[in-house]
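Open the structure in your viewer and keep the sequence panel beside it. We will go from the whole chain down to single residues.

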Amino acid sequence: MHSEEIEKFLDKQKLSDGQSIKIDFKKRNTLYGIFLRTDDFGDLKSKNLWRIVVEPRIQEYQSSKDMSLSRIFNGVEISRLGVAVAAKS
């Protein structure tokens, strides 16, 4: 996906704090996670890179805000985004 499509999805969705997003990839398994809007968000977005905390690390991230729990994914590898209906373990 292009960075504009991902940003439009994130802006359009009214996600509650910590609500997971279903992230489908072209060549890897589906993940559930949250996109982080950190100080480097604009710089990463310009390169179509996205900082994501995947489940089951979300609760730990919310309590600690430890950035090392996140991973950076290339938006080109993402095929579809959707709001997760139920939390996965």
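What follows is a tour of a predicted model, one selection at a time.

**Stop 1: the whole chain**

How many helices and strands does the protein chain have? There are three helices and five strands. Now trace the chain along its sequence. The pattern reads α-β-β-α-β-α-β-β.

Next, look at the overall dimensions. The C-alpha atoms fill a box of roughly 30 × 30 × 25 Å along the principal axes. The radius of gyration is 12 Å. A compact globule with 89 residues would come out near 12 Å, so the chain agrees with that value.

Of the 89 residues, 38% count as buried. Contacts also reach along the sequence. Take those between residues at least 6 apart: 59% of them join residues at least 24 apart.

**Stop 2: the sheet**

Hide the surface and select the strands. In what order do the five strands lie in the sheet? The order is β4-β3-β2-β1-β5, in an open sheet with antiparallel pairing. β4 and β5 (78–83) stand at the edges. Each has a single partner strand, so one side of each is left without a neighbour in the sheet. Turn the view to follow the twist, which averages 50° from one strand to the next.

**Stop 3: strand β3**

Select residues 49–54, which make up β3. Is this strand mostly covered or mostly open? It is mostly covered, with five of its six residues buried.

Look at its partners. Strand β2 (residues 31–35) pairs with β3 in the antiparallel sense over three bridges. Find Phe 35, whose bridge partner in β3 is Ile 52. Then find strand β4 (residues 71–74), joined to β3 by four bridges and also antiparallel. Here Trp 50 stands opposite Phe 73 in β4.

While you are here, show the side chains. In a regular strand they alternate between the two faces of the sheet.

**Stop 4: Asn 48**

Select Asn 48, in the loop between α2 (41–46) and β3. Asn 48 counts as buried because its relative accessible area is 10%, and the cut-off for buried is under 20%. Show its side chain together with that of Trp 50. A polar contact of 2.9 Å joins the two.

Which residues does Asn 48 touch, leaving aside those up to four places away in sequence? They are Met 1, His 2, Ser 3, Ile 6, Phe 73, Asn 74, Gly 75 and Val 76. Phe 73 is the residue you saw opposite Trp 50.

**Stop 5: Gln 13**

Is Gln 13 buried, partly exposed or exposed? Its relative accessibility is 24%, so it counts as partly exposed.

Technical notes:
Residues are numbered from 1 along each chain as its sequence is written. This is a predicted model: local features need pLDDT of at least 70, side-chain atom pairs count only at pLDDT 80 or more; totals for chains, interfaces and linings use all residues. Side-chain values use heavy atoms; hydrogens and water are left out. Buried means under 20% relative accessible area, exposed over 50%, partly exposed in between (1.4 Å probe, protein chains only). Helices (H or I, at least four residues) and strands (E, at least two) are DSSP runs, numbered from the N terminus. A polar contact is a pair of N or O atoms within 3.5 Å; within protein, one must be able to donate a hydrogen and the other to accept it, and residues adjacent in sequence count only if both atoms are side-chain atoms. Contact means heavy atoms within 4.5 Å. Two strands pair if DSSP finds at least two bridges between them. Axes are lines fitted to C-alpha atoms, for helices over the stretch in contact, and angles run from 0 to 180 degrees between N-to-C directions. The radius of gyration is taken over C-alpha atoms; the globule rule is 2.2 Å times the number of residues to the power 0.38.
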